[in-house]
Amino acid sequence: MWQYHLIKLISKLVCLLPYRAILWIGRGVGRLYYKLLKKQVNRAIEQIKERLGYTQAQAEELAYSMCKNLGMTLMEVLYIPNLNKDNIRDFVTIENPEYIEQALAMKRGVVALAAHTDNWEWQGAALALYGYPLTSMVKPQPNPVHTKLLTEYREMTGIETFLSGTNDIIAAARAMKKGKLVGFIADQDGDVGGIFVKFFGKMASTPAGPAFFANKFKAPILPLFIVRNPDGVGHRIVSKPPFFYENTGDEQADMLRVTEQMVKVTEEIIAEHKDNWIWFMRRWNTPYKG
């Protein structure tokens, strides 16, 4: 567990610094990402060219900006212990919070649709510190030390976490029954069990979990995406109007339709803030066979 204690020590040191200082360091870390993580950067560049129609130079510029954002995000994750209910509004604002209130007022649970935009860890932290009852379905990290640390930091801010693919899905269902927000980051490859819909013009397997929960609990789907402010300092959570799973009796068509709607709203926010998304993700990894 030496890695865990080393990261905790680094986090404590980061928390001693002013916020703008960690952003400055983070941009430097991002520049190193761009130079050293060539495999991921090259994958990002190729996917940007394919999906956005960018030239090589344009794709490299976007990938470079993405890496700087990732560097700042890393430093901000280490800074999470400094976040609290008194200062969170200095770092993160919420647009249209009435949509969150509207969805929670239905008391059916809320499928909170999120993506790997900007600092998604701060999105969860901010929602919890603002006082919203948030639970989150998360995938275990390849390194168990990272899973342990992230779970600790999430729970530190008041987020209840469940690891996807485990029996914790039952606990997530209980959270829905209690009328809580259940967060789903659904912009990753959904593997062979996913639902294929077009994402930036190419068929991509999409996780079926959000659609399943929305149908099971007749719950609203609430798009919530975090984006970095134009000057790089602080964030805002973009809240969009909730929508519903429409049950026509044709489950396959209904699941496809609502998944298309979720992917569309996710694609729109990424298109507006292109360097906030992780373009090297293997989003289109599962082959589409028609």
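**Exercise 1. Find the partner of E46 in a salt bridge and describe where the two residues lie.**

Step 1. In this predicted model, in which local features need pLDDT of at least 70, side-chain atom pairs count only at pLDDT 80 or more, and totals for chains, interfaces and linings use all residues, E46 forms a salt bridge with K49, with 3.4 Å between the closest N and O atoms. A salt bridge here is a side-chain nitrogen of Lys or Arg within 4 Å of a carboxyl oxygen of Asp or Glu. Residues are numbered from 1 along each chain as its sequence is written, and side-chain values use heavy atoms, with hydrogens and water left out.

Step 2. E46 and K49 are separated by about one helical turn because they are three residues apart in helix 3 (residues 38–52); helices are DSSP runs of H or I with at least four residues, numbered from the N terminus.

Step 3. E46 counts as partly exposed at 37% relative accessibility, and K49 counts as partly exposed at 26%. Buried means under 20% relative accessible area, exposed over 50%, and partly exposed in between, with a 1.4 Å probe and protein chains only.

**Exercise 2. Decide whether E121 and R154, which meet in a salt bridge, are buried or exposed.**

Step 1. The side chains of E121 and R154 meet at 2.5 Å, N to O.

Step 2. This pair links distant parts of the chain, with E121 in helix 7 (residues 120–129) and R154 in helix 8 (residues 144–156), 33 residues apart.

Step 3. E121 is buried, with a relative accessible area of 9%, and R154 is buried as well, at 11%.

**Exercise 3. Describe the salt bridge of R257 with D254.**

Step 1. The closest N and O atoms of R257 and D254 are 2.5 Å apart, and both residues lie in helix 11, about one turn of the helix from each other.

Step 2. R257 is partly exposed, at 34% relative accessible area, whereas D254 counts as buried, at 1%.

**Exercise 4. Identify which members of the largest nonpolar core touch the most other members.**

Step 1. A nonpolar core is a set of buried Ala, Val, Leu, Ile, Met, Phe, Trp, Tyr and Cys residues joined through side-chain atoms within 4.5 Å.

Step 2. Among the 51 residues of the largest core, F199, I221 and W279 touch the most other members, and helix 11 (residues 251–272) gives the most to this core, with seven residues.

Step 3. Leaving aside residues up to four places away in sequence, the residues that I221 touches include V111, F243 and M262, where contact means heavy atoms within 4.5 Å.

How values were computed:
Helices (H or I, at least four residues) and strands (E, at least two) are DSSP runs, numbered from the N terminus.
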